[in-house]
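Below are my notes on the model, as numbered points. They cover the ligand site and then the sheet with its helices.

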Amino acid sequence: MKNICVYCSASNGLAKKYIDEAVKLGEAIAKHGATLVYGGGKVGLMGKVAFSAQAHGAKVIGVIPERLVEREAVHRGCDELIITKTMRERKAIMDEKSDAFIALAGGFGTLDEVMEAITIRQLGFHQKPIIFLNTDGFYNSLLEFFEQLYAQGFAKRREHCPYQVAESVEHALAFAFGTNATHVQHT
Ligand code: AMP
């Protein structure tokens, strides 16, 4: 049984391909018998993944700071709802409760969360899988930039890249469960 943390957009009105992917991810998390850990809101892709996961039988843990309860339309129907004082506390609880992290398409908040997961993994604080779910190449330009960091010596290549890139929901879950042996190779 795994707890899968999903970082994703809190924006509404996104293209259908991103919404469909969020719905598919929620369903797949449920089908794999996993629990969803997420930001606790009903807005954007966050709401889509959570409702889909619950509709297909997954347990959902929402973690939201009290200041965002209204702004992100807290999902009171979470199986477990944790209301924190601060953003930092939210991030820490989401991290602690999760066995793997998947980043769906998102904005600055999503990037902040996934980058922190990567940086602390690089420093050896955890070994949990971190996966970019690269819906329709959404993360391509960021991944190219990461290659520049390695090429120019701003990041060190280690045996395993600290993140993995999945082109489909099923691949993302295979990485999260450690059942896909393929690691992202640095070019
Ligand atoms: P966004 O990707 O900008 O739509 O944001 C996605 C989620 O990330 C929202 O629930 C934001 O509240 C959350 N978020 C934004 N900044 C932070 C942060 N510094 N720490 C934790 N969560 C954040």
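1. A polar contact here is a pair of N or O atoms within 3.5 Å; within protein, one must be able to donate a hydrogen and the other to accept it, and residues adjacent in sequence count only if both atoms are side-chain atoms. Glutamate 72 has a polar side-chain atom 2.5 Å from a ligand oxygen atom.

2. The protein covers 81% of the 500 Å² of accessible area (Shrake-Rupley, 1.4 Å probe) that the ligand has on its own.

3. This is a predicted model: local features need pLDDT of at least 70, side-chain atom pairs pLDDT 80 or more, while totals for chains, interfaces and linings use all residues. Residues are numbered from 1 along each chain as its sequence is written, and side-chain values use heavy atoms, without hydrogens or water.

4. Strands (DSSP E runs of at least two residues) and helices (H or I, at least four) are numbered from the N terminus; strands pair if DSSP finds at least two bridges between them. The open sheet of 7 strands is parallel, in the order β4-β3-β2-β1-β5-β6-β7. Because β4 (80-84) and β7 (164-166) each have a single partner strand, one side of each lacks a neighbour in the sheet.

5. Strand β3 (residues 60-65) is joined to β4 by 5 bridges, with valine 63 opposite isoleucine 82.

6. Helix α2 (residues 44-55) packs on the sheet, with contacts (heavy atoms within 4.5 Å) to β1, β2 and β3.

Notes. Axes fitted to C-alpha atoms, helices over the stretch in contact; angles between N-to-C directions.
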